[in-house]
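Here are my notes, written to be read with the model open beside you.

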Amino acid sequence: MDFSPIPLAAAQWQTLQEAYATPPRAYHHFGHVRAVLQHCQEVADGPGWQQPAEVYLAVLYHDAIYQAGRKDNEARSAALAVQAISHAPELAAVDAARVQELILLTARHGGLGPEDVDAEAALFLDCDMAILAAPEAVFAAYDRGVAEEYSGVVPGFLYRAGRRRFLQGLLRAPRIFLSDFFHQRLDAAARANLRRQLDA
């Protein structure tokens, strides 16, 4: 069963999918959203969600606006989500502030510890970061995709240096995944991928 705790109008789905195709993306496209939703389903089948509708909408909108190199992608995506919620009567019961909060937290990937977020936010953020523990070929495709998105946006040597710092920071952190649910299952695989990439 797919993680889809609330129905969305067809027009909202269309708008979302168009957003994820603009500009053309090599990783942060709607396929990434579907992958995160699969991890959300794992949580739903395991520890469960307290606010599944809010998590679902945060996943759908968290990269809706994405331009490589910009610092306000998350803020703009969060604003788009809040606007969409306010214009959809069927979403009147959704806590828009919580959706906004979750999306804004994605700007701090790699800089948060378990003590910095509540348990539900930790699970949400880990669903987004689970790609780090993907099979080797999938992880390599993810890394190439992100590099492709930055190609022509920042000089290659600057991108490579920044990417290396980010991956090294993740590897040095006591916890890559903030929740016990993901930490116990995925930490070893994520660290193996990070070491392999840094040694390449």
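1. A word on exposure to begin with: a residue is called buried under 20% relative accessible area, exposed over 50%, and partly exposed in between, with a 1.4 Å probe and protein chains only. Ala192, at 32% relative accessibility, therefore counts as partly exposed. Helices here are DSSP runs of H or I with at least four residues, numbered from the N terminus. Ala192 has its place in helix α9. Between Ala192 and Phe3 there are 189 residues in sequence and 29 Å in space, C-alpha to C-alpha.

2. Some ground rules before going on. This is a predicted model, in which local features need pLDDT of at least 70 and side-chain atom pairs count only at pLDDT 80 or more, while totals for chains, interfaces and linings use all residues. Residues are numbered from 1 along each chain as its sequence is written, and side-chain values use heavy atoms, with hydrogens and water left out.

3. Is Asn193 buried or exposed? Its relative accessibility is 3%, so Asn193 counts as buried. A polar contact is a pair of N or O atoms within 3.5 Å; within protein, one must be able to donate a hydrogen and the other to accept it, and residues adjacent in sequence count only if both atoms are side-chain atoms. The Asn193 side chain reaches the backbone oxygen of Ala134 at 2.8 Å. Beyond neighbours within four places in sequence, Asn193 is in contact with Leu132, Ala133, Ala134, Glu136 and Phe139.

4. Ser179 sits in the loop between α8 and α9. At 6% relative accessibility, Ser179 is counted as buried. Which side chain does the side chain of Ser179 join in a polar contact? The partner is Asp126, at 2.6 Å. Neighbours within four places in sequence aside, Ser179 is in contact with Ala122, Leu123 and Asp126.

5. Helix α1 (residues 10-19) has Gln12, Leu16 and Ala19 as its buried residues. Because these cover an arc of only 60° around the axis, they are on the same side of α1; the arc is that of the directions from the helix axis to the C-beta atoms. Ala10 and Ala11, on the other side of α1, are exposed. The cover over the buried residues of α1 includes α2 (30-45), α3 (52-61) and α4 (73-86).

6. Helix α5 (residues 96-105) buries Arg98, Val99, Leu102, Ile103 and Leu105. Down the axis of α5 these fall within an arc of 160°, so they line one face of the helix. Among the elements covering them are α3, α4 and α6. At the start of α5, a side-chain oxygen of Asp95 comes to within 3.2 Å of the backbone nitrogen of Ala97.

7. Val82, in helix α4, is partly exposed, because its relative accessibility is 27%. Val82 and Asp95 are 13 residues apart in sequence and 9.4 Å apart in space, C-alpha to C-alpha. Leaving out neighbours within four places in sequence, Val82 is in contact with Ala96 and Gln100.

8. How many disulfides are there? Taking a disulfide as a pair of cysteine sulfur atoms within 2.5 Å, the count is zero. Cys40 is in no disulfide, and its nearest cysteine sulfur, that of Cys127, is 3.9 Å away. Cys40 is buried, with a relative accessible area of 0%, and Cys127 is buried as well, at 1%.

9. Lastly, the pocket. On a 1 Å grid over the protein atoms alone, a pocket is an open set of points where a 1.4 Å probe fits, with protein on both sides within 12 Å along at least five of seven lines; lining residues have an atom within 4 Å of a point. Grid points are joined across faces, edges and corners, and a volume is the space filled by probe spheres set on the points. The largest pocket has a volume of about 920 Å³. Its lining has 29 residues, of which Tyr66, Glu74, Tyr150, Arg163 and Phe166 are the closest to its centre. Two or more lining residues come from each of α4, α6 (119-129), α7 (136-150) and α8 (156-172), and α8 gives the most, with six residues.

Notes:
Contact means heavy atoms within 4.5 Å.
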